[in-house]
Amino acid sequence: MNSRTWKQAESEAARIIGGRRVWQKFSAGDAESEAFVADAKKRVSYSQRQMRTDLAKLSANPETKGRTAVLVLLDTPGRGRKAGPALVVMTAEAFMDWHA
């Protein structure tokens, strides 16, 4: 993935969570808002096991500071196909905290 592509993915993640793209090298995620810290992922395939690992790392990072860790999955549709809608992934525990 070229740098323009991942920068666009990070900017899209920031837009989705209502925040800003993070430029610091050692920040918790790619984007942050008052409520969320997000990692943007633009991949052809991404296993649930890897998602769980990435969410756990993001949640455990001290820079997250109590905000909800989410992954923003951006579609990689291939040549001549339209991208599907982005997905926001969080743990069930985080979801219940927001909606309980």
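At 43% relative accessibility, tryptophan 98 counts as partly exposed, a class lying between buried (under 20% relative accessible area) and exposed (over 50%), as computed with a 1.4 Å probe on protein chains only. The model is a predicted one, in which local features need pLDDT of at least 70 and side-chain atom pairs count only at pLDDT 80 or more, whereas totals for chains, interfaces and linings use all residues. Residues are numbered from 1 along each chain as its sequence is written, and side-chain values use heavy atoms, with hydrogens and water left out. The mean pLDDT (the predictor's confidence in each residue, from 0 to 100) of the protein is 91, and 95% of its residues reach 70 or more. Among the helices and strands, which are DSSP runs of H or I over at least four residues and of E over at least two, numbered from the N terminus, confidence is lowest in helix H1 (residues 3-17), with a mean of 90, and highest in strand E5 (residues 87-89), at 97.

Five strands form an open sheet in the order E1-E2-E3-E4-E5, with mixed pairing, where two strands are taken to pair if DSSP finds at least two bridges between them. Strand E1 (20-21) and E5 stand at the edges with a single partner strand each, so one side of each is left without a neighbour in the sheet.

Strand E4 (residues 68-74) is mostly covered, seven of its seven residues being buried. In a regular strand the side chains alternate between the two faces of the sheet. From E4, Thr68, Val70, Val72 and Leu74 point one way and Ala69, Leu71 and Leu73 the other, and all are buried. E4 is joined to strand E3 (residues 36-42) by seven bridges, and the two run parallel; leucine 74 of E4 is the bridge partner of lysine 42. The chain passes from E3 through helix H2 (residues 48-60) to E4 in a right-handed β-α-β crossover, the hand being assigned when, with the strands pointing away from the viewer, the path from the first strand over the helix to the second runs clockwise. Three bridges join E4 to E5 in an antiparallel arrangement, with valine 88 of E5 as the bridge partner of valine 72.

One aromatic pair is counted when rings of Phe, Tyr and Trp (its six-membered ring) are required to have centres within 6.5 Å, planes under 30 degrees apart being stacked, over 60 edge-to-face and the rest tilted. The ring centres of phenylalanine 36 and tryptophan 98 lie 5.0 Å apart with the planes at 15°, so the pair is stacked. Because phenylalanine 36 lies in strand E3 and tryptophan 98 in helix H3 (residues 92-99), the pair ties together parts that are 62 residues apart in sequence. Phenylalanine 36 is buried, with a relative accessible area of 18%.

In helix H1, alanine 14 is likewise buried, at a relative accessible area of 4%. Not counting residues up to four places away in sequence, alanine 14 touches Gly19, Arg20, Arg21 and Ala31, contact meaning heavy atoms within 4.5 Å. Lysine 65, in the loop between H2 and E4, has a positive phi of about 50° although it is not a glycine, and counts as exposed at 63% relative accessibility.
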